[in-house]
Amino acid sequence: NCSVSGTDLVFGAVNVLPGTAVPTTATVTITCGGDLLGATVQICATLGAGSSSDGTSRKMVGPSASTLRFDAYSNAAYTQVWPTSGGIHTTLNTPLFFGNASTTLTIYGRLFAGQSTALVGSYSSIFSNTLTVQYNSSVLASTSCPNGGASVSDTIVATASVTSTCNVNATCMNFGSVGLLSANRCPSSESPGRTAFCHGAS
């Protein structure tokens, strides 16, 4: 028999104002033994859509139904979305006489860029028993998901916390070369309609 255990996708404290993508990782540990001793075990791991998703991506939900888009990938280049069916294939050779064998897969999480309007607060998506591993022993080497066999599942959670952050941008005001002031003077870059922001000597 086999078992599966996954760690959570934790994005941590996120500053969304720069509008950049945020990465994280989680691990999937698969352990087989018992009646599968001395076997080559074909394994496929799938990850569900989470408690919120659509045709574009998986999502986390936060305050006032605000959402953060993210996805889970099987490669560090973020080009292969972790499938909800079919799965990521791997092979595990168990010991011949006693004990277990384990293998670990990495889930590469990525919080999408361009979400600067997300509300401050905590966000989450629950993969309730949808981290699923299907497995079956095989005599021949294969790169395909096993037919039949058995499956085991685990629950993991994706979380993020959008922090309260402000960006302030300012430019210098150039008043040019001046002598003794007899009236208010605006900086040369100031528009005539913004004299309320000009301050001179009285």
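## Overall picture

Of the 202 residues in the chain, 35% are buried, where buried means under 20% relative accessible area, exposed means over 50%, and partly exposed is in between (1.4 Å probe, protein chains only). Keep in mind that this is a predicted model, with local features needing pLDDT of at least 70, side-chain atom pairs counting only at pLDDT 80 or more, and totals for chains, interfaces and linings using all residues. Residues are numbered from 1 along each chain as its sequence is written, and side-chain values use heavy atoms, leaving out hydrogens and water.

The chain has zero helices and ten strands, both taken as DSSP runs numbered from the N terminus (helices are H or I with at least four residues, strands are E with at least two). Take the contacts between residues at least 6 apart in sequence: 74% of them join residues at least 24 apart, with contact meaning heavy atoms within 4.5 Å. The accessible surface comes to about 11,100 Å², and carbon and sulfur atoms account for 52% of that (Shrake-Rupley method, 1.4 Å probe; for residues, only the protein chains shown count as cover).

Strand E1 covers residues 2–6, and its side chains alternate.

E1 runs antiparallel to strand E3 (residues 22–32), with five bridges joining them; strands count as paired if DSSP finds at least two bridges between them. Across that pairing, Ser5 stands opposite Thr29 in E3.

## The core around Val41

The largest nonpolar core has 39 residues, and Val41, Met60 and Ile107 are those with the most contacts inside it. A core here is a set of buried Ala, Val, Leu, Ile, Met, Phe, Trp, Tyr and Cys residues joined through side-chain atoms within 4.5 Å. Setting aside neighbours within four places in sequence, Val41 touches residues including Cys2, Cys32, Leu36, Leu92 and Tyr135.

## Two disulfides

A search of the whole structure turns up two disulfides, each a pair of cysteine sulfur atoms within 2.5 Å. In one of them, the sulfur atoms of Cys2 and Cys32 are 1.9 Å apart. Cys2 sits in strand E1 and Cys32 in strand E3, so this pair ties together parts 30 residues apart in sequence. The S-S torsion is about 105°, so the Cys2–Cys32 disulfide is right-handed. Cys2 is buried at 8% relative accessible area, and Cys32 is buried at 1%.

Cys44 and Cys145 form a disulfide too, S to S 1.9 Å. This pair links Cys44 in strand E4 with Cys145 in the loop between strands E9 and E10, 101 residues apart. Its torsion is about -85°, so the Cys44–Cys145 disulfide is left-handed. Cys44 is buried at 2%, whereas Cys145 is partly exposed at 27%.

## Salt bridges

There are three salt bridges, counted when a side-chain nitrogen of Lys or Arg is within 4 Å of a carboxyl oxygen of Asp or Glu. Asp54, Lys59 and Arg69 are linked in a network: Lys59 meets Asp54 at 3.8 Å, N to O, and Arg69 meets Asp54 at 2.6 Å. Lys59 is buried at 15%, while Asp54 is partly exposed at 33% and Arg69 is partly exposed at 25%.

Arg58 and Asp71 also meet in a salt bridge, 2.6 Å from N to O. Arg58 is in strand E5 and Asp71 in strand E6, 13 residues apart. Arg58 is buried at 3%, and Asp71 is buried at 6%.
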